[in-house]
Amino acid sequence: MEMAEKRMSRWYFGGIASCGAACCTHPLDLVKVHLQTQQEVKMRMVGMAMHVVKNDGVLALYNGLSASLCRQMSYSLTRFAIYETVRDMMGSGGQGPMPFYQKVLLGAFGGFTGGFIGTPADMVNVRMQNDMKLPAEQRRNYKHALDGLFRVWREEGTRKLFSGATMASSRGALVTVGQLACYDQAKQLVLGTGLMGDNILTHFLSSFIAVSIEASDWPVIGYS
């Protein structure tokens, strides 16, 4: 009898996929930051996007992309590494899948840790995205993410790099519970019905269920 193929998760795929997604969604993230940092509500999403393109060109929608990728390589890689590695270790003892509450706790811990580690890059990302809104004499003009991190450390100190870490870590915990723990549980339930195999349709359905209950993004604070 042919043995079923054993699927091995690779946590670094999560970080790489997050970087790919960031490249596609960065313009939306930039517009979101601009909307959140308005002194008063004057524009909506489409209007803000057109305003950015009109004043600074299409490429301005990708301001801060290097910092966004740096954030994903710190935040997402960390949370995927913690969650996937510990889950596989605990599941390798032949006791079956982890209980849902353990997945939630593990996801919260991984997300909290990843959020903390990713805070410096997240802060630089927001600053780079918002820079074009400032008067020319007040702009920081970071060349790229590493330049921004180094300048913040040199000019403002290490503590400033982790400004907003509490909020970022809390958000990371909630989002990771929704994205990973809920996804794992949804996939387990879908496969348990026996109606579907471990295929792309199952992954899509599980993702849809998880995203329906995932915590939404929190406002940008503490990065000025």
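Guide: A residue is called buried when its relative accessible area is under 20%, and exposed when that area is over 50%. The model discussed here is predicted. With this cut-off in hand, helix α5 can be read: A145, D147, G148, L149, R151 and V152 are its buried residues.

Visitor: What covers the buried residues of α5?

Guide: The cover includes three other helices, namely α3 (65–91), α4 (100–130) and α6 (158–161).

Visitor: How many residues does helix α5 have, and what distance does it reach from its first C-alpha to its last?

Guide: Helix α5 spans residues 145–156, which makes twelve residues. Its end-to-end C-alpha distance is 16 Å, close to the 16 Å expected at 1.5 Å a residue. Helix α2 can be read in this way too: with twelve residues, α2 reaches 16 Å, close to its expected 16 Å.

Visitor: What follows α5 in the chain?

Guide: The general idea concerns the backbone angle phi. Most residues other than glycine have a negative phi. In this structure, G157 comes after α5 with a positive phi near 95°.

Visitor: Which residue other than glycine has a positive phi near 55°?

Guide: That residue is N141. Its place is the loop between α4 and α5.

Visitor: How many helices and strands does the protein chain contain?

Guide: The protein chain has eight helices and zero strands, and its pattern along the sequence is accordingly written α-α-α-α-α-α-α-α. Of its 224 residues, 39% are buried. As for contacts between residues at least 6 apart in sequence, 75% join residues at least 24 apart.

Visitor: Which residues make up the largest nonpolar core?

Guide: A nonpolar core is read as a group of buried residues joined through their side chains. Here the largest has nine residues: A67, M123, V124, M128, Y142, A145, L149, V152 and L161. At least two residues of this core come from α4, and at least two from α5. Another core lies apart from it; that one has eight residues, including Y83, L106, L180 and A181.

Visitor: With which residues is V152 in contact, leaving aside its neighbours within four places in sequence?

Guide: V152, itself a member of the largest nonpolar core, is in contact with M123, V124, R127, Y142, G157, K160 and L161.

Visitor: Is K187 buried or exposed?

Guide: K187 sits in helix α7, which covers residues 165–192. K187 is buried because its relative accessible area is 18%, under the 20% cut-off. Leaving out residues up to four places away in sequence, its contacts are D198, T202, H203 and S206.

Visitor: Is E84 buried or exposed, and is F109 buried or exposed?

Guide: E84, in helix α3, has a relative accessibility of 12% and therefore counts as buried. F109, in helix α4, has a relative accessibility of 51% and therefore counts as exposed.

Visitor: How many residues apart in sequence are E84 and G14, and what distance separates them in space?

Guide: They are 70 residues apart in sequence and 9.6 Å apart in space, C-alpha to C-alpha.

Visitor: How many residues line the second largest pocket, and which lie nearest its centre?

Guide: The general idea is as follows. Rolling a probe the size of a water molecule over the atoms shows where empty space is left. In this structure, the second largest pocket holds about 330 Å³ of space. Its lining has 14 residues, and T37, Q38, M48, H51 and K133 lie nearest its centre.

Visitor: Which helix gives the largest share of that lining, and how many residues of it are nonpolar, polar and charged?

Guide: The largest share comes from helix α2 (residues 45–56), which gives five residues. By kind, the lining comprises four nonpolar, six polar and four charged residues.

Key:
Residues are numbered from 1 along each chain as its sequence is written. This is a predicted model: local features need pLDDT of at least 70, side-chain atom pairs count only at pLDDT 80 or more; totals for chains, interfaces and linings use all residues. Side-chain values use heavy atoms; hydrogens and water are left out. On a 1 Å grid over the protein atoms alone, a cavity is a set of points where a 1.4 Å probe fits but cannot get out, and a pocket is an open set with protein on both sides within 12 Å along at least five of seven lines; lining residues have an atom within 4 Å of a point. Grid points are joined across faces, edges and corners, and a volume is the space filled by probe spheres set on the points. Helices (H or I, at least four residues) and strands (E, at least two) are DSSP runs, numbered from the N terminus. Ala, Val, Leu, Ile, Met, Phe, Trp, Tyr, Cys and Pro count as nonpolar, Asp, Glu, Lys and Arg as charged, and the others, Gly among them, as polar. The expected span of a helix is 1.5 Å times one less than its number of residues. Buried means under 20% relative accessible area, exposed over 50%, partly exposed in between (1.4 Å probe, protein chains only). Contact means heavy atoms within 4.5 Å. A nonpolar core is a set of buried Ala, Val, Leu, Ile, Met, Phe, Trp, Tyr and Cys residues joined through side-chain atoms within 4.5 Å.
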